[in-house]
Amino acid sequence: IHKKIPVLIHNGKPICESLIIVEYIDEVWHNKSPLLPSDPYQRSQARFWADYVDKKAYSTGKRVWSGKGEDQEAAKKELTEFLKTMEGELGEKRFFGGDTIGFVDVALVPFTSWFHTFENFGQFSIEAECPKFIAWAKRCLEKESMAKSLPDPENIYGYALGLKKK
Amino acid sequence: QLLGFWASPFVFRVKWALELKGIDYEYIEEDIFNKSSRLLELNPVHKKVPVFVHEHRVISESFVILEYIDETWRQNPLLPQDPYQRAMARFWAKFAEEKLLEPAWMAMWSKGEEKEKAKKQTIEALEKIEEQLKGTQYFGGDDDKIGYLDVAIGWISYWLPVWEEVGSLKILDPEKFPRITAWKIRFLDHPVIRDSLPPKDKMLQYFHKRSDEIYS
């Protein structure tokens, strides 16, 4: 339908759309490190924030690195506001999932690989504006599973440069 | 408590879910063009309806609310039990939202090339949905009862014809989409759905006005 990745194939059946795949994984392998909380209200909050990340983060980020002039400035402002909103939601917790990594952390952490690219193209420092957010990102990267699988920010910058030239 | 707007298809998803499960609730009408301070307080991120309040817990975003309702009130389950079928229901609901609802809305109020493009996108998406109804009465799983996906895309049965009329479009052609047409009739005839719908002339009036406002 979408001709996009990721696609998860389990028992010969394909599942598409990353957050839907994450929920599927959480349901099938429910006895190991649950990503979603068991309480329905907390689950609804996790889903709400993951949905917000999905809707806001990537499209705004794209405008920061590919945009120019006024649009880029507006996008930078929106991105900072988005990160501040997420900081508010994080509060004093270690992760969005509480003491352990959860659904929202998983939804959001890949986005941080793009920060180096945003900062270079947008000429600004995310750490200066949103230190709490960067602190959270660093905590996530302490997890071996995340650190090993996330792409190198330098590679992403190179990739973006290549796209911009076309 | 459900905060809603009488013409919003998103609000109706939540209404239908609550009614299908026989849950008592208080409905509060919001004027979305003059939002109450309460709404803005309850949904500061999106500032939209529907907003669902249950025992001081506030939830926004219609699909998120549907899942909460399904998990909290276990009778007449909306989502199937099997994880794969659940993933499929969620996938198609998201697909219909992005590829069907958004272009259909755009097709209604836009003009010229933009309108044609949106119309084409809507029809293509509808074709995929038509395929999903192979021989079942509803979009549900094996038990073939009304469920999550029916509620998620229920707007096709009533809002789409209104938008077609307002936008002078022909999208849901019964000859091209026999299964969806049959589903539409069945859905609209369901006791919970039938008695909940706002009057058609009011809808036409409202969407005509909105259409003109957006275009200018």
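Trainee: Is B:Trp183 buried or exposed?

Mentor: This is a predicted model, in which local features need pLDDT of at least 70, side-chain atom pairs count only at pLDDT 80 or more, and totals for chains, interfaces and linings use all residues; side-chain values use heavy atoms, with hydrogens and water left out. Residues are numbered from 1 along each chain as its sequence is written, while chains are lettered from A and ligands numbered from 1 in the order in which they are written. Relative accessible area, taken with a 1.4 Å probe and protein chains only, sorts residues into buried (under 20%), exposed (over 50%) and partly exposed (in between). The relative accessibility of B:Trp183 is 1%, so this residue counts as buried.

Trainee: How many aromatic pairs does the structure hold over all chains?

Mentor: Rings of Phe, Tyr and Trp (its six-membered ring) pair if their centres lie within 6.5 Å; planes under 30 degrees apart count as stacked, over 60 as edge-to-face and the rest as tilted. Over all chains, the number of aromatic pairs is 39.

Trainee: What angle lies between the planes of A:Trp65 and A:Phe121?

Mentor: The rings of A:Trp65 and A:Phe121 form an aromatic pair, with 6.1 Å from centre to centre. The pair is tilted, and the angle between the planes is 45°.

Trainee: How many residues apart in sequence are the parts that this pair ties together?

Mentor: Helices (H or I, at least four residues) and strands (E, at least two) are DSSP runs, numbered from the N terminus. A:Trp65 belongs to helix H2 (residues 40-66) of chain A, and A:Phe121 to helix H5 (residues 115-122) of chain A. The pair therefore ties together parts whose separation in sequence is 56 residues.

Trainee: Which kind of aromatic pair do B:Phe139 and B:Trp183 form?

Mentor: The centres of the B:Phe139 and B:Trp183 rings lie 5.2 Å apart. With 70° between the planes, the pair is edge-to-face.

Trainee: In which helix of chain B does B:Trp183 lie?

Mentor: B:Phe139 is in the loop between helix H5 (112-132) and helix H6 (148-153) of chain B. The pair links distant parts of the chain, 44 residues apart, and the helix that holds B:Trp183 (residues 178-189) is H8.

Trainee: Which residue lies over the face of B:Phe12?

Mentor: A charge sits over a ring if NZ of Lys or CZ of Arg is within 6 Å of the ring centre and within 35 degrees of the ring normal. One such case is the charged end of B:Lys202 over the ring of B:Trp6, 4.5 Å from its centre. Over the face of B:Phe12, at 4.6 Å from the ring centre, lies B:Lys15.

Trainee: What is the radius of gyration of chain B?

Mentor: Chain B has 10 helices and four strands. For its 216 residues the globule rule (2.2 Å times the number of residues to the power 0.38) gives 17 Å. Chain B comes close to that value, so it is as compact as a globular protein of that length, with a radius of gyration, over C-alpha atoms, of 17 Å.

Trainee: What percentage of the residues of chain A count as buried?

Mentor: In chain B, buried residues make up 55% of the 216 residues. Chain A has nine helices and two strands. Of the 166 residues of chain A, the buried share is 42%.

Trainee: What distance separates the centres of the two domains of chain A?

Mentor: Domain bounds come from an automatic or database domain assignment. Chain A is divided into domain 1 (1-32) and domain 2 (40-165). Taken over C-alpha atoms, the separation of their centres is 22 Å.

Trainee: What is the relative accessible area of A:Gln72?

Mentor: A:Gln72 is found in helix H3 (residues 69-90) of chain A. Leaving aside residues up to four places away in sequence, it has contacts (heavy atoms within 4.5 Å) with A:Arg63, A:Val64, A:Gly67, A:Phe121 and A:Gly122. A:Gln72 is buried, and its relative accessible area is 11%.

Trainee: How far apart in space are A:His116 and A:Glu154, C-alpha to C-alpha?

Mentor: A:His116 lies in helix H5 of chain A and is partly exposed, with a relative accessible area of 24%. Not counting residues up to four places away in sequence, A:His116 touches A:Pro153, A:Glu154 and A:Tyr157. A:His116 and A:Glu154 are 38 residues apart in sequence, and their C-alpha to C-alpha distance is 7.3 Å.
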